[in-house]
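Read the following alongside the sequence and the coordinates. The text goes from the domains to their interface and then to the ligand.

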Amino acid sequence: MNAPVPPVQTRAENLSRRFAEVYGAEPDGVWRAPGRVNLIGEHTDYNNGFVLPFAIDRSALVAVRLRRPDSEPEAEADVVRLASTYAPDGEALSRALFSIGGLEPGGVGGWAAYPAGVVYALVHSAGAAVPGFDLLLDSTVPVGAGLSSSHAVEVAVTVALNELLELGLDRPRMARLTQYAENEFVGAPTGIMDQSASLMGQAGSALFLDCRSLDSETVPLPLARHGLEVLVIDTRVVHSHADGGYSARRSSCERGAAALGAASLREVPAGTSLDGLDAETRRRVRHVLGENERVLQVVRQLRADDVGGIGTLLTASHASLRDDFEVSCPELDLAVDTALAAGALGARMTGGGFGGSAIALVRQEEEERVRAAVLAAFAERGFPEPALFTVLPADGAGRVRVTWSRGE
Ligand code: ADP
Ligand code: MG
């Protein structure tokens, strides 16, 4: 069974109360930003290709209060105080502090780099005047599982400040700003997919995103109506070569595009002969070209209301990521193979690879069997126990209205 996650409304009310205890004043509001699962389209984003993620019903909540210049010491006017309920063992909160005037790339470490990156992007890329603020974070997106807990944090801070400071930024612009925050401030060479899903997702739908034009469309994903679930299998492993592997794959793709005379692999038509490439580059390119085609095929099938039918494409994506792109690992392969053997309609690793999570498309009545089979297989191989939970396509980020008053 899923660990029970309280409704967002309850979480937001609790967070507001906790905020008042921590900072001695009520927050100006609470904002929510979901994590995401990528249904299909892996390692295509930085190749200007297609992706099909969906926002999930697990989210980061932030309670925020802007500093009041007239009632607080002037020296603290541009100070940002942060606290998260995700804290080291034995500690109630993980706390951090920075001042906006002194922000420079790489200058803030730990989790505070994400909110600081957003502030940096708002100031340096959007030209916003950002005052100091207090923030309390609580997230139900598992950290480091490939469900983009980091973007949930960034997007929650972005939508909060956009509203509080009346910046009027639209969602595609906010997506680009959080990418700027990651790339320029945090120093992670990530694409645009995760924050787009978190910002533009819609309940019951996936987000079909063209990473070249940044055009996006929602595509229906009516899992429940088809008696289906998406089961996440978080392997809880991250292999140490994940970062190096990611940049090596990016360079292979760039080399492949250059050798084929294209600006990016998106400009290489499906069916182009890859014979002139060395064997490794050919495999990498073959994955990306095939994966773009699979995304388009999944979109066509979902539009034709054939949700169960996408299973084989998910499984084909995994085979390509494992054999051609070589970013899977024994834990992910075991999760996928076991889920399929136990009756899943399709399964694949999701996210960058070398650990993190797999997803399986399962019929509701077979979910328990798939879970049990995966747990047993991991135990038998002596792998760490995976975390298993289902996710639903949820709405993108926004404000949570909190109706409570102290003393009631
Ligand atoms: P992923 O985004 O796949 O979960 P990352 O390594 O990109 O993994 O991001 C995880 C990091 O995001 C954490 O190490 C932490 O710095 C930050 N983070 C995510 N959620 C929280 C949280 N609830 N509280 C504090 N930091 C968080
Ligand atoms: Mg991340």
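How much area do domain 1 and domain 2 bury between them? The figure is about 3,000 Å², with 63% of it on carbon and sulfur atoms; buried area here is the accessible area (1.4 Å probe) that two parts lose on being put together, summed over both. The size of an interface is often given in this way, as the accessible area lost when the parts come together.

This is a predicted model, in which local features need pLDDT of at least 70 and side-chain atom pairs count only at pLDDT 80 or more, while totals for chains, interfaces and linings use all residues. Residues are numbered from 1 along each chain as its sequence is written, chains are lettered from A and ligands numbered from 1 in the order in which they are written, and side-chain values use heavy atoms, with hydrogens and water left out.

The protein chain divides into domain 1 (8-218 + 394-400) and domain 2 (222-391), with bounds from an automatic or database domain assignment. Their C-alpha centres are 27 Å apart. Domain 1 puts 30 residues into the contact and domain 2 puts in 42, where contact means heavy atoms within 4.5 Å.

Four salt bridges are counted between domain 1 and domain 2, each a side-chain nitrogen of Lys or Arg within 4 Å of a carboxyl oxygen of Asp or Glu. Separately, glutamate 42 forms a salt bridge with arginine 348, with 2.7 Å between the closest N and O atoms.

On the side of domain 1 that touches domain 2, strands E1 (29-40), E2 (50-66) and E6 (205-210) each supply at least two residues; strands are DSSP runs of at least two residues, numbered from the N terminus. E2 gives the most, with seven residues.

Ligand 1 is surrounded by 16 residues, Ser84 and Trp111 being among the closest; the cut-off is a heavy atom within 4 Å. A nitrogen atom of ligand 1 lies 2.6 Å from a side-chain N or O atom of serine 84. An oxygen atom of ligand 1 is 2.7 Å from a polar backbone atom of glycine 144.

Notes
Helices (H or I, at least four residues) and strands (E, at least two) are DSSP runs, numbered from the N terminus. A polar contact is a pair of N or O atoms within 3.5 Å; within protein, one must be able to donate a hydrogen and the other to accept it, and residues adjacent in sequence count only if both atoms are side-chain atoms.
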